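Hi,

Here is the structure I said I would pass on. Have a look at it first, and then read on for what turned up.

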Amino acid sequence: MPELPEVERARALIEEHALGRRIAAVDDSDTYVCRPHAPGEIAAALEGRELVSANRRGKAMWCDTDGGVVLGLHLGMAGRIVVDETPATNGWDRFTLLFEDGGRLALRDKRRLGRAILDPDLGGVGPDAALISRDAFRERVGHGGAPLKARIMDQSVLAGVGNLLADEVLWRARLSPLRPAGELDTEELDRLRRELRAAIRMTTRRGGVHTGDVIPHRRRDGVCPRCGADMARATIGGRTTYWCSAEQSAG
Ligand SMILES: [Zn+2]
């Protein structure tokens with residue numbers, strides 16, 4: 001499932017390869033992926049225009065255009081953005097921009113849970129996990145009785161941390177996912193933010209959140225790749241969670 005690193009890679013791909021190219025045609029015929037728009041509605045707004053910027057907050061991504069409308073692109077559970085690749089023959093290109101120069105950008109999505117939408121609503125999405133300031137992080141994350149893992153995955157608190165990224169970051173910061181968020185001191189909160197930014201940078205560079213150091217060890221017989229202790233497992237905030245039983249004790 002795409003998490004922040006995958007979305008950031010998609011954003012960077014658009015920024016590098018799709019900006020400033022005149023849109024000649026749009027395939028917005030998939031009424032589920034393009035809901036609530038009728039077929040042709042997104043096309044009418046974008047044809048003859050160019051994407052001028054690619055933006056991201058958490059897992060939400062959007063492109064500004066020279067026509068003033070904004071194109072939201074969501075990767076859903078399995079989607080990705082492809083630019084100038086041969087069209088998918090299996091029908092997985094759910095939304096496509098065709099450029100005047102003959103190239104194309106597609107939302108390629110096996111599971112059809114991604115979306116293309118005009119003027120997306122970003123209300124209720126917190127500050128981006130990769131960009132949030134130290135003070136805002138302390139203020140937003142370090143409150144309440146919710147388990148720390150649930151707190152950092154709350155998209156209204158912090159945008160972009162999914163299940164795998166949360167486990168990777170808490171392991172790096174040596175913090176228990178079960179600790180009440182409001183119990184963390186300033187040093188711990190700063191360390192968590194530092195490790196969060198480092199994990200996002202590292203997994204974005206390596207190709208996605210699955211490349212995190214602890215991710216391959218999230219299994220029932222897993223051991224911590226740092227100290228060799230057993231990995232503990234529980235459901236926290238509704239999600240399967242793994243952590244090092246020795247270094248991430250709840251204290
Ligand atoms: Zn360990």
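Predicted model: local features only at pLDDT ≥ 70, side-chain atom pairs only at ≥ 80, totals over all residues.

Gly114 sits in the loop that links strand 7 (104-108) to strand 8 (115-118). Its relative accessible area is 0%, so Gly114 is buried. What does Gly114 touch, leaving aside residues up to four places away in sequence? The list is Val33, His74, Leu75, Gly76, Leu107 and Asp109. Take His74 from that list: it is 40 residues from Gly114 in sequence, yet the two C-alpha atoms are 5.1 Å apart.

Now the metal site. Four protein residues donate to the zinc ion: Cys224, Cys227 and Cys244 through SG, and Glu247 through OE, at 2.0 to 2.3 Å. Along the chain, the spacing of these donors reads C-x2-C-x16-C-x2-E. Cys227 belongs to the loop between helix 6 (186-206) and strand 9 (231-236), while Glu247 is in the segment after strand 10 (239-244), so this pair ties together parts that lie 20 residues apart in sequence. Why is the arrangement called tetrahedral? Because the angles subtended by the four donor atoms around the zinc ion run from 100 to 116 degrees, and the call needs all angles to lie between 85 and 135 degrees. As for accessibility, Cys227 comes out as partly exposed at 41%, and Glu247 is also partly exposed, at 21%.

Helix 5 (residues 163-173) and helix 6 have axes that come within 9 Å of each other and cross at roughly 125 degrees. That angle makes helix 5 oblique to helix 6. The crossing is right-handed. On the helix 5 side, the contact uses Leu165, Glu168, Val169, Leu170, Arg172 and Ala173. Helix 6 brings Arg191, Leu192, Glu195, Leu196, Ala198, Ala199, Ile200 and Met202 to it.

Helix 1 passes helix 6 in a right-handed crossing. Leu4, Pro5, Glu8 and Arg9 of helix 1 make the contact with Ile200, Thr203, Thr204, Arg205 and Arg206 of helix 6.

Then there is helix 3 (134-141), whose axis comes within 10 Å of that of helix 6 and crosses it at roughly 115 degrees. This makes helix 3 roughly perpendicular to helix 6. The handedness of that crossing is again right-handed. Arg134, Phe137, Arg138 and Val141 of helix 3 are in contact with Thr186, Leu189, Asp190, Leu192, Arg193 and Leu196 of helix 6.

Back to helix 5 for a moment. Just past the end of helix 5, Arg174 has a positive phi of about 55 degrees.

That brings me to the backbone. Most residues other than glycine have a negative phi, and most peptide bonds are trans. Asp84 has a phi near 60 degrees; it lies in the loop between strand 5 (80-83) and strand 6 (93-99), and at 44% relative accessibility Asp84 counts as partly exposed. Asp119 has a phi near 45 degrees, and its place is the loop between strand 8 and helix 3.

Where is the cis peptide bond? Arg35 and Pro36 are joined by it, with omega at about 5 degrees. Pro36 is in the loop between strand 1 (23-27) and helix 2 (41-46).

Cheers

Key:
Residues numbered from 1 in each chain as written. Heavy atoms only, no water. Donors = N, O, S within 2.8 Å, 3.2 Å for Na, K, Ca; no water. Tetrahedral: all angles 85-135°; square planar, octahedral: opposite > 155°, others 65-115°. Helix = DSSP H or I, 4+ residues; strand = E, 2+ residues; numbered from the N terminus. Buried < 20%, exposed > 50% of the residue type's maximum accessible area, 1.4 Å probe, protein only. Axes fitted to C-alpha atoms, helices over the stretch in contact; angles between N-to-C directions. Parallel < 35°, antiparallel > 145°, perpendicular 65-115°, else oblique. Left-handed = near helix turned anticlockwise from the far one by under 90°. Contact = heavy atoms within 4.5 Å.
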